[in-house]
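Subject: Structure for you to look at

Hello,

Here is the structure I promised to pass on. Please open it next to this message and follow along.

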Amino acid sequence: MAPALKKRWISLYVENDVGVLAKIAGLFSGKSYNLSSLTVGETEDPTVSRMTISLYGDDKTFEQVKKQLNRSVEVIKVLDFTDLPIHKKEILYIKLHSLKKEEMEEVMRSAAVFGVTVCDYDRNSLILESLKTESKNSDVLQYYKKYYATRMEAVRGGSVAIESVSRSER
Amino acid sequence: MKIKGTQLFVKALVEEGVDTLFAYPGGMAIDLFDALYGEKDFRVVLPRHEQGLVHAADGYARATGKTGVCLVTSGPGATNLVTGIATANYDSVPLVCFTGQVPTNLIGNDAFQEVDIVGICRSICKYAVTVRRREDLGRIIKEAFYVARTGKPGPVVVDLPKDIQQALGSDEYPKEVSMRGYKPSTGVHMGQLKKAAGMLEAAKRPLFLVGGGVNISHAGAEMTALAEKLHMPVVSTVMGKGALPSDHPLYIGNMGMHGNVAANTAVSECDLLFSIGTRFNDRITGKLGEFAKDAKIVHIDIDAASISRNIVVDVPIVADAKEAIVKLTEIVSEPKRSGEWLERLQTLRQEKPIRVVSSAPLTPQDVIEGINAAFPEFIVATDVGQNQMWTTQFIQLKGRSRLLTSGGLGTMGYGLPAALGAKLGSPDMPVVCVSGDGGFQMNEQELATAVCEELPVVICILNNSYLGNVRQWQEMFYGGRYSCTCLRKRASCAKWCSSPKAECPPYVPDFVKLAQSYGIEGIRVTERSEVAAAFEQAKKNTKAPTLIEFIIDKEEEILPMVPGGNALSEMVTEVKKEGR
C-alpha cells in the first residue's frame, strides 16, 4: 500500500542571515522533498525570520523533513502546524484587462460574491485583491480563468500562518 | 587593542589548540599566510593540491580525534576542497576549512578567483558561513570549531573576504559559544534505554551491529566490555571495524556488501539487532525488505535524522554512542542464555572465512596479512575500491590500531593524503597506505608532501592495472565488457577489449621509477615470499616514505559479495573463471 500523502504545514524560525533561504530551499531540492509553498519574512525580532512552508508527503518523509530542518545550524525552531488550530492566509492578485463594459460589471458582481476587493481600476481593466486561504484563492482563480484566461495575469504570495489564540479558530 | 583580522585568525587557531594547519596559499589568502610567518605554536603543512590537503586534514582528524584545519585561497583553491569536504561530511569527520574570498565589495562581480564557496558547499557540509563584518570574525571562528567537533561531527566552511582579513578590530577571541540554532543532543533517554536493556535480556539470538559512531566517540573499550558482559556476538560495518579487537572471540566480522558469511548470516537470523552508530546505508542493508527481517531493532545514534530513515526501528535512542554504551552496561543484567547462537556464529566464522582464492603468486590477502605481521599496531589508510574492501576484510585491528577509509562517499584518491595527515597527527604510530593503482594516481602528487614533511609512511599499491572494482562489476553483471577500466589501454589498442592479454602495452607510470624520482625507495613485489622483506625494508626508512608496488592478478575478485539490491543472505562467494 502506498503511504498516504497529505498536505503538511511547518512554521520555521531561522536566522535572518544571507543564504539561509537558499539553505532551506536547497535542502528540499537536494533531498527530493516535494515543496508546495514557502514564504519568508522578518519577525518582531529583526535577527529572526519566519518561514511558512507547505508540502505534500507521507508521514515518514515528513518526519525526515522536520529532522533535517532541525539539524540545520541556521534553524532556530521547527513548529509542525499540520494538526494545530492556525490562522493561515494567502494574498492573490488578479489583473484583468481588455474587458467590455458588461464584463467589468460581471467582475464587480462576482468579486462582491467571492468577498474579493477591487483594489485598482480603469475603464476596461482592474485588479482584484484576495486575502483568503490557499484553497479558496484557488477557487477564485479558477473562476476568472474560466472566463478571462487570455486577458488576465495572476500572482500568488504563498501562505503565511500563525498559531491560534483561541484553540478552536481555524 | 586593535589587531588585523589575520592576526585574530592566528590567535584563534592557537587558542583552539591547533597543532597542525594544512594550508595552500593564493592571492586572497596571502594576508593570512603573512600572519602565519614566524608562527611558533603550530606546524604549517603545504600539500601539493587542495584535494590532497583536505584529505590530509581529514586523515589527521580521524587518527587523532582532533579537528583538522584547512586554509586555502578563493576560487579554485576553494573548489578543490569540495570532494574532501563531502568525504568528511559523509564520515562525520570534524574539519574547519578556511577559504580566502574576494573583498566584500567585489562579491557578486565575477571578480578574479571569486566563487560562492558557501553556496557550493551548503549541502555537503555541516555548516558554511561567510564572515561579512570584522566584528563577527572571532565569534564565527569559535562557533565553527564548536559545530565541527560536537554532536555528530562534520566539516565547517568559513569564508574570509580579503577586506575582513585586513580590517582592524578587537583582539578578543570568545571563550564561550551560544548558538540558538545549534544545541547538540546530550544525555540518554533512560526509559528507552531500559526498554532496550529488557529486550537484550529477553532475546534468544541478539546481535550487536557496531557502526562508525562507536569509533568516532572512542567507545571501543566500552563496547567490548558491554559485549563481554552479555556474551553477545558483534558484527560491524566497514566504519565500525576496530571497535572490538578483530581477533576478539565475540567479533564475528564485517557485514554488508563485502562482509563475511558469518556476519551477514548473523544479521539475517538474529531476533534482536542492537545497532549503534550506523545510518544503515544501502551498502550495509542490501535489500531493505529482507534486512534483519525476523529481528526487533534497537538503534542508538547521535543524529535523530539517521533514525528510522532507511529502516524502521522498534526502539530509537538519540544519544552519543559512548554515553549510551556506558549507561547500558550499568543497567543491563547478565542474561541466562544458551551459548548455542554465539557458538553457531563462531563456527560459521571458522568454517567460512574470507579468503582470496587464486593461483596467482601474490594475492591481496598476502599483502594485507603482511601488514598485520609487520606491525604490532598501526594506522592504515585505504583508497577506495577493491584495495579498500580487501583491507577491511583482512586487516587485524588491535590496541591503538585504526582504519581510515572513505566509507560514505567512497572517494578515490583519499588514501595517500589521509595517510600523510595521520602520520602528522600520530608520529609515533606506523602508518600504512593501501591503495590501488587507479586511486593512487588521483593524488600521487602528495608524494612530494610526504618527502618534504619527512613522513615515513609505507605506501602499498595493489597494482592489477585495472580499475578493479568496476572491472569486477563489469565481469559479474555486464557480460565482461571492460568499458574504460583498463589502465594499460592505449590509443593503438583495439577500441574495446574484454580481457588482459600477453601483448598488452606496459603499465604507466613505472611506480618504482616514480618513487625514485621523488628520491625515495620504491620496491616492486611480485611473489608472496617477498612481502615480509619489503615491509622490513620500509621500516628502515625512518625519515622518508617508502613505496611498495604489489603486482596482483589482473582479474582478482573481491568476495564474498552481496550484489546491489540483493538480500544479505544472497551472497556470491565465487566467480567461475575459464581456464582456472
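Below is what I found, part by part.

One caution before the details: this is a predicted model.

**The sheet in chain B**

Start with the open sheet in chain B. Six strands form this sheet, and their pairing is parallel. Read across, the order is β11-β10-β9-β12-β13-β14. Which strands stand at the edges? They are β11 (251-254) and β14 (315-318) of chain B. Each has a single partner strand, so one side of each is left without a neighbour in the sheet. From one strand to the next, the twist averages 15°.

Now look inside the sheet. Strand β9 of chain B covers residues 206-210, and strand β12 of chain B covers residues 272-276. Five bridges join these two parallel strands.

**A covered helix**

Next, go to helix α18 of chain B, residues 415-425. How many of its residues are buried? Eleven of its eleven residues are, and the helix is described as mostly covered. Among the buried residues are B:L416, B:L420 and B:L424. B:K423 is on that list too, and so are the glycines B:G415, B:G421 and B:G425. Keep one rule in mind when you look at any α-helix: there are 3.6 residues a turn, so residues three or four places apart point the same way.

The bond from B:V508 to B:P509 is cis, with omega near -5°. B:P509 lies in the loop between α21 (468-477) and α22 (511-517) of chain B. The bond from B:L559 to B:P560 is also cis, again with omega near -5°. B:P560 lies in the segment after β20 (546-551) of chain B.

Two residues call for a look at phi. B:F280 is not a glycine, yet its phi is positive, about 55°. You will find B:F280 in the loop between β12 and α13 (282-285) of chain B. B:C484 also has a positive phi, near 60°, and is a residue other than glycine. B:C484 sits in the loop between α21 and α22 of chain B.

Are these two residues buried or exposed? B:F280 has 25 C-beta neighbours inside 10 Å, so B:F280 counts as buried. The cut-off for buried is 20 or more. B:C484 has 11 such neighbours inside 10 Å, so B:C484 counts as exposed. The cut-off for exposed is 12 or fewer.

**The domains of chain A**

Turn to chain A. Its domain assignment gives domain 1 (6-83) and domain 2 (87-163). Their centres, taken over C-alpha atoms, are separated by 29 Å. Eight residues from domain 1 of chain A and six residues from domain 2 of chain A make the contact.

What supplies the domain 1 side? β1 (6-15), β2 (35-42) and β3 (48-57) of chain A each supply at least two residues. β2(A) gives the most, with three residues. By class, this side of domain 1 of chain A has three nonpolar, five polar and no charged residues.

**Where the chains meet**

Last, the two chains together. 14 residues of chain B are in contact with 14 residues of chain A. On the chain B side, seven are nonpolar, three are polar and four are charged.

Best wishes

Conventions. Residues are numbered from 1 along each chain as its sequence is written. Chains are lettered from A and ligands numbered from 1 in the order in which they are written. This is a predicted model: local features need pLDDT of at least 70, side-chain atom pairs count only at pLDDT 80 or more; totals for chains, interfaces and linings use all residues. Two strands pair if DSSP finds at least two bridges between them. Helices (H or I, at least four residues) and strands (E, at least two) are DSSP runs, numbered from the N terminus. Axes are lines fitted to C-alpha atoms, for helices over the stretch in contact, and angles run from 0 to 180 degrees between N-to-C directions. Domain bounds come from an automatic or database domain assignment. Two residues are in contact if their C-beta atoms, placed from the backbone, lie within 7 Å. Ala, Val, Leu, Ile, Met, Phe, Trp, Tyr, Cys and Pro count as nonpolar, Asp, Glu, Lys and Arg as charged, and the others, Gly among them, as polar.
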